[in-house]
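Subject: Structure handover

Hi,

Here is the structure I promised to pass on. Have a look at it first, and my notes on what turned up follow below.

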Amino acid sequence: MKPTAPYYLLLASISLTACGGGGGGGSGDSVAPTPATSIVTTTPLPTATPTTPPTATPTAAPQPSAVPTFLPSSSPSPTLTPTLAPSPAPSPQPSPVPTPTPVTAANAGLLISEVSTNDSTNAGAWVEIHNPGSSAVSLSGVSLRTRSGLRSSPFTLSVSPVSFSLPAITLAAGGYFVVIAKIDDSVSDNSQAAYIKNGEAVPFWDANGAVELTFAGATLDFVRFGNSSHVPLTSAAWAGANVAALPATSQDYGKSLARPFPLQANSKSTVDWVQIPFATPGGPNDVPATAVDSDNDGIPDSAEVESGTFAGLDLFAMGARTSQRDIFVQVDHMASSDAGITPRKEALQKVVDVFTARGFSIHFDTGSLYAATFNPALFHLGGGLAGGANTVTYAKCISLDSKTGCASLYSYKSASLDIRRKTIFHYLLMANSQELDGSAGSSGLAEINGNDLLVTLGNWGLSSGSGSNTNLLLNYQASTIMHELGHNFGLEHGGNQANNYKPNYYSVMNYLYQLPGLGTDPKAAGAVQRYYLNNNALGFSWGGICSLDASPCSTDYRMDFSDGSSVNLNENALIESALIGRGNNAGFYADWNTNGSQNTVAYSRDINQDSSLSVLSDYNDWANLNLPFARQGTGNSGASFLFRRLVSLPHVLSQDRQATAPELPPSTALIRLIRSLKATQGSSPLSVR
């Protein structure tokens, strides 16, 4: 090791000390240092001298201790002072990791994120719960605390708050869960929602109320509105004034009180809340408080523009636009080899084309049935909750009215329809039959002014063979879908009334025209041929339906809603030359009495088979379609809707079941014809009686 400067300074100091102390010399060898020796100094005893004073004898000076001296050699080799090697650095030890506090309902920061409006005469309330945290949390032990109403008659309200236990589901990080008053026992819980009750009591509020989320006797979140004086279990859960009273009339469906998106810090006061005109259950409250529906289709304009969403759903990507009235339909179908049950894309396209011609845009979602990925042109808008091709379990019998022995459409819907879609989408189930034994029956069934519909063409014998077989399959699927959707839009078999078979009501809603079609021209023989067929007259019958002008066995088949342009037909004074009331081409007339010749004099006849003589009127279907089924009870012309019939207005989350329009089974002769065509696989049309 090379000596350092401090080392030489130390050596010089030692050398100077040695010279001053008279140290010894030696050879060039290094001398090991010797221990210092103590020199003992003795003092001699004084000699006594009688006369002469003693002379002081000096004491020998003490000898210094020997100090070792390092003598230089020709190549100095100083004795090195040993240097201690540094101690090895200790291995880094990980800092103790604190044990994380388990995330529970008590500390997860669960929020009430949306509260529905509720008609003061209806028990149909719901509330949305949001987990804003980064960890999933169980709702086990969590309760909803609010006033209650009895779901059974007589409808009475509780004075004090009532607690409703929530299911022990796990709410994902960032997730939403909707808790709904259980009015209908046929509905079932799913991953997005639960239906709750306490005995016969269900959650209830109207313009005034409070909603509280509790756990272990403490408040997790709370909101109070109107003139409610409800006090939360934890007094610090609310500060200051109440939120303004909620709208609570029959025209206020589909609105809510919400924490707006993006979510802000919870101040536990009225500033956290805003009333929004479009409820968004099960997703972000992304519709602004100023949103409007300028085209009256039930969808806010804000969700019909690019980058706009509705509860997180991209309706714009699905085809919604502000410049058109949009209709969305999720189409599920039962697993079956029966061709009548699986929706054909050609049939769906026929419906789309009819609506497009009238300025409406209808969007069907069959999942991956015709496209593997999202593709609106091929009816894939994302599909149902189960994924795939929207295929559901087969049941031989299906019902909308809790028919004993039959499956319920509402059970299928609860398991399949995303709750975020419930205020926007109609739910169509393509099923087998409404008959207990699964035999051929009515082609469909639907709610009036609702959002649910069945098409039941199972066991009709429809097939996808060539010629007439395929045409019958496509035309009957298309016409039945349009007919049942018409009921959802508020239409009946007579337009604004249940009065069926009116020849001048030129609509697919009319039994004269639903399955037979409209014919080529209402001013010629085509339309009135449907009257002859229904009366089995003048050579026309259900068993010979393929002989009609523009029959369902052909590609010329036509279907439409009525535009209301027919004149009235007075059954007390019928004029045959007036045909169905839309004018006539030369040489054509309506042989109402089926005598085979034209009558030039007016006469009376019951031509719509209601056992009375009256004035029959047309109806403008297109001008009166009630699209916003989840928001209010009137269509474009509220007065005409209210005139049609009084119906229970829908709470689509809690009271989804609506009145239905009764439907009749088809003629047995028609079923025999269809089956005979299937057996002959497209041979020339047969007449079966």
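Let's start with H380, which sits in the loop between β16 (360-365) and β17 (391-392). Helices here are DSSP runs of H or I with at least four residues, strands are DSSP runs of E with at least two, and both are numbered from the N terminus. H380 counts as buried because its relative accessibility is 9%; buried means under 20% relative accessible area, exposed means over 50%, and partly exposed is in between (1.4 Å probe, protein chains only). Its side chain reaches the backbone nitrogen of G382 at 3.1 Å. That is a polar contact, meaning a pair of N or O atoms within 3.5 Å; within protein, one must be able to donate a hydrogen and the other to accept it, and residues adjacent in sequence count only if both atoms are side-chain atoms. Leaving out residues up to four places away in sequence, H380 touches F364, D365, G367, S368, A371, A372, T373, F374 and N375, where contact means heavy atoms within 4.5 Å.

Before going further, some housekeeping. This is a predicted model, in which local features need pLDDT of at least 70 and side-chain atom pairs count only at pLDDT 80 or more, while totals for chains, interfaces and linings use all residues. Residues are numbered from 1 along each chain as its sequence is written, and side-chain values use heavy atoms, with hydrogens and water left out.

The overall picture: the protein has 8 helices and 24 strands. Of its 689 residues, 51% are buried. Among contacts between residues at least 6 apart in sequence, 65% join residues at least 24 apart.

S116 is another one to click on. This serine belongs to strand β1 (residues 111-116) and counts as buried, at 1% relative accessibility. A polar atom of the S116 side chain lies 3.0 Å from the backbone nitrogen of W126. Not counting residues up to four places away in sequence, S116 touches G124, A125, W126, W205, L246, K255 and S256.

Now the helix packing. The axes of α3 (residues 345-357) and α5 come within 8 Å and cross at roughly 50 degrees. Axes are lines fitted to C-alpha atoms, for helices over the stretch in contact, and angles run from 0 to 180 degrees between N-to-C directions. The two helices are therefore oblique to each other: under 35 degrees counts as roughly parallel, over 145 as roughly antiparallel, 65 to 115 as roughly perpendicular, and the rest as oblique. On the α3 side, the contact involves E346, A347, L348, K350, V351, V354 and F355, which meet L474, N475, Q477, A478, I481 and M482 in α5. By class, that comes to 9 nonpolar, 2 polar and 2 charged residues (Ala, Val, Leu, Ile, Met, Phe, Trp, Tyr, Cys and Pro count as nonpolar, Asp, Glu, Lys and Arg as charged, and the others, Gly among them, as polar).

Helix α5 (residues 468-488) also meets α8 (residues 668-680), with axes that come within 9 Å and cross at roughly 135 degrees. This pair is therefore oblique too. S468, N469, L472 and Y476 of α5 make the contact with L670, I674, L677 and K678 of α8. The classes there are 5 nonpolar, 2 polar and 1 charged.

Just after α6, N536 takes a positive phi of about 50 degrees.

Most residues other than glycine have a negative phi, and most peptide bonds are trans. S307, though not a glycine, has a positive phi of about 75 degrees; S307 lies in the loop between β14 and α2 (315-318) and counts as exposed at 72% relative accessibility. N449 has a positive phi as well, about 55 degrees, and is found in the loop between β21 (444-446) and β22 (452-456).

Cheers
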